[in-house]
Every structure is written in structure tokens, then in C-alpha cells.
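Reader: I'd like to go through this model with you, one question at a time. Can we start with the overall picture and then get down to side chains?

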Amino acid sequence: MGLGKWIGSAMGFMTMGPLGLLAGYFIGRWFDEQTGTLTQSREAEERGQTGDVEGRRNSFLFSMLVMASYVIRADRKIMHSEMEFVRSFLRMNFGEHAVAEGEQILLTLFEEAKRLDEASPDAYRDMIFDCGRQIADNLNYGERLQLLDFLVRIARSDGNVCKAEIEALHEVALAIQLSAGEVDSMLNLTGDSLENAYKVLEVAPSATDEEVRKAFRRLALKHHPDRVATLGEDVRKAAETKFRQINEAKERVYKARGMRG
């Protein structure tokens, strides 16, 4: 499926709002000119040919690009490694033809961010929060956690997450009704130290064994891959990777404490 089609069905699923307006104004104009698929997908939506499952998946993917634009430019630098991560994501999900289209979406969003920043320092941030509220209304808790996980991966892709990127991730989390603690937990998923493991579980080393068990059960419940089952096999596989990393963190903590699973 081309990007124009999934953006069209995402707009239909999200019943316009800031995300739909953003897609229609900044992206739809050149998709209509180049492929015509956005108009076709809107017509399909009106005829009821685009189902809730497709709309949910597509709204998730478009939301990720919008929020990624905020995280990528948080340090006012657009890193090659971050853009390449997004390209790889699009290539895996949509095929080679979609890479250039997705990159154009981000470049258009970067241009709009620059324009809004010149008008007011907080204008683009305000737009991101408006979009975040719509995301929170349309995606369930597990889906929003997985969206945040992709954003954390983008920030980590250059091997260093700077303070500005962490602040941007915290703001995005707040915008989509998640917590800063969930960002910090995800930032430590790839670490292999005991300190990292405690941060993943969102508990202090001074926590009791029972508190550790409760923390892991809570994480396992909210990050279970079944929560993103409607978003497609590729997103589910990413959730399974995250779930495995959480289990590995739990095992490090349990082993250090001499606890049994």
C-alpha cells in the first residue's frame, strides 16, 4: 500500500482533527498531484471500504511520523542516523517505493515547524500537543506505548540521546497521556547493567522483592504484544522485541537478588 492511501484512511479514521488537517494541508496536496491515491482512499472511506483495523494501523503510522518530526529536530539537528532509521522502518512496512514519500512527509513537517517557530517559539510544540490529544483519543494504551517505543528508538539511533531529545520524548509522552517514567524505562531497554534493569522495571534498587515482582507484572501486562495486535504483524514483532527486553531486565534483577521466577 502506498503512503498516500494509508494517510487517507488515517484521516478518515481520526475524523480529521489536527492530524487530519495536517495531512490534508501539508501532504495531501502533493499526494493528489503525484499519485491521486489520497483522493481515492477518501472515496473508499466514504463508501465504507476502509475498515477500522486498517484505519487504526494507518493512524498509528502517520502519528509516528508527526511525533518523530518533533523528536528528530529537538536538538535542532537532523541526524542522518535518525532519518535512516525512519527510512528502514518505512522500507520494512511499505516497500522501497514508500521511502521517498515518507522522507518528503518529514521534510514538509520540518519546514512547517521552522515556519511556526519563526511565528512563535511554542507554536509547533502546541501543534504537537494538539495532535497528541487526538492520538490519546484514538489509540489505546498499548498502542501509544508502542508508538513511544519507536520514537525512543529513533532518538537512540545515533548512539547518543541528548538532553533536548529526552525532554522532547517526555513532552510527547505527556501529550499522548503517558509518563516520563515510561520514557526512561524504554531508554534503558538496550542496556545490560543491573542499574539499567532496575530503570526498565521502574523501581529503585531499594525496592522489596514483592515490589519488584509487582513492577514486572505491571510492565508485562501493559507491554504485552497482544495489545497491538490490530496494528499489523510488523508492529507486533517490534512489541515482542520490547517484551523480550523487559523479561531480560527482570531476569538480571531476579538473578542479582536470588529470586525465583
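**Fold, core and rings**

Author: Buried residues (under 20% relative accessible area with a 1.4 Å probe, protein chains only; exposed is over 50%, partly exposed in between) make up 52% of the 261 residues in the protein chain. A word on the ground rules: this is a predicted model, where local features need pLDDT of at least 70 and side-chain atom pairs count only at pLDDT 80 or more, while totals for chains, interfaces and linings use all residues. Residues are numbered from 1 along each chain as its sequence is written, and side-chain values use heavy atoms, with hydrogens and water left out.

Reader: How many helices and how many strands does the protein chain have?

Author: Helices (H or I, at least four residues) and strands (E, at least two) are DSSP runs, numbered from the N terminus. Read along the sequence, the pattern is α-α-α-α-α-α-α-α-α-α-α-α-α. The tally is 13 helices and zero strands.

Reader: Which residues have the most contacts inside the largest nonpolar core?

Author: A nonpolar core here is a set of buried Ala, Val, Leu, Ile, Met, Phe, Trp, Tyr and Cys residues joined through side-chain atoms within 4.5 Å. The largest one has 69 residues. Helix 4 gives the most to this core, with eleven residues. Those with the most contacts inside it are Met67 and Leu151.

Reader: Which residues does Met67 touch, leaving out those up to four places away in sequence?

Author: Contact means heavy atoms within 4.5 Å. With residues up to four places away not counted, the list for Met67 is Ile128, Cys131, Gly132, Ile135, Leu147, Leu151, Val172 and Ile176.

Reader: How many aromatic pairs turn up, and why is the one between Tyr70 and Tyr124 called tilted?

Author: Rings of Phe, Tyr and Trp (its six-membered ring) pair if their centres lie within 6.5 Å; planes under 30 degrees apart count as stacked, over 60 as edge-to-face and the rest as tilted. A search of the whole structure finds three pairs. For Tyr70 and Tyr124 the centres are 6.4 Å apart and the planes sit at 35 degrees, so this pair is tilted.

Reader: What kind of pair do Phe89 and Phe150 form?

Author: Phe89 is in helix 5 (residues 80-94) and Phe150 in helix 8 (residues 141-156), 61 residues apart. Phe89 and Phe150 are buried, and together with Phe60 they form one aromatic cluster. Their centres are 4.9 Å apart with 70 degrees between the planes, and the pair is edge-to-face.

Reader: Which rings does Lys250 lie over?

Author: A charge sits over a ring if NZ of Lys or CZ of Arg is within 6 Å of the ring centre and within 35 degrees of the ring normal. Lys250 lies over one face at 4.9 Å from the ring centre, that of Phe216. At 5.0 Å from the ring centre, Lys250 also lies over the face of Tyr254.

Reader: Is Gly181 buried, partly exposed or exposed?

Author: Gly181 lies in helix 10 (residues 180-187). At 31% relative accessibility, Gly181 counts as partly exposed.
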